[in-house]
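Student: I would like a close look at a single part of this model, with its surroundings described carefully.

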Amino acid sequence: MNTEYFKTAKKVVGVKQAARALEKSIVKTLVVADDADGRLVQPLVDVCINASIPVEHVESMQELGRLCGIQVGASAVAILAE
């Protein structure tokens, strides 16, 4: 994953925000943490697979939070279409 692009891309952080963005059909890519609770992120992944939206993975919630520039972990991040 291109971390510089990730930092500058329009995005929403968190499962609820990503779900709202998916409902609005404005998600370009979904990024999920491998150590996130599957019950939370799997429904998002399923929607993306059905809609042919790419899903990328990072190792941990801490890493995903750091990529977003926040001090806490993040389960999912939706990169928004511009």
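Student: Where is the place of Glu 59?

Tutor: In this predicted model, Glu 59 belongs to the loop that runs between β3, residues 55-58, and α4, residues 61-68. With a relative accessible area of 66%, Glu 59 counts as exposed, because exposed is the term for a value over 50%. Once its neighbours within four places in sequence are set aside, the residues in contact with Glu 59 are Asp 34 and Asp 35. As a further point of reference, Ala 19 is 40 residues away from Glu 59 in sequence, and the C-alpha to C-alpha separation of Glu 59 and Ala 19 in space is 21 Å.

For a contrast with this loop, one may turn to the loop between α4 and β4, the latter spanning residues 76-80, where Ser 75 is found. Ser 75 has a relative accessible area of 13% and is therefore buried, since that term applies under 20%. Leaving out residues up to four places away in sequence, Ser 75 touches Val 15, Val 31, Val 32, Ala 33, Ala 36, Val 41, Met 61 and Leu 64; of these, Met 61 and Leu 64 carry numbers that fall in the range of α4, residues 61-68.

Definitions and conventions:
Residues numbered from 1 in each chain as written. Predicted model: local features only at pLDDT ≥ 70, side-chain atom pairs only at ≥ 80, totals over all residues. Heavy atoms only, no water. Helix = DSSP H or I, 4+ residues; strand = E, 2+ residues; numbered from the N terminus. Buried < 20%, exposed > 50% of the residue type's maximum accessible area, 1.4 Å probe, protein only. Contact = heavy atoms within 4.5 Å.
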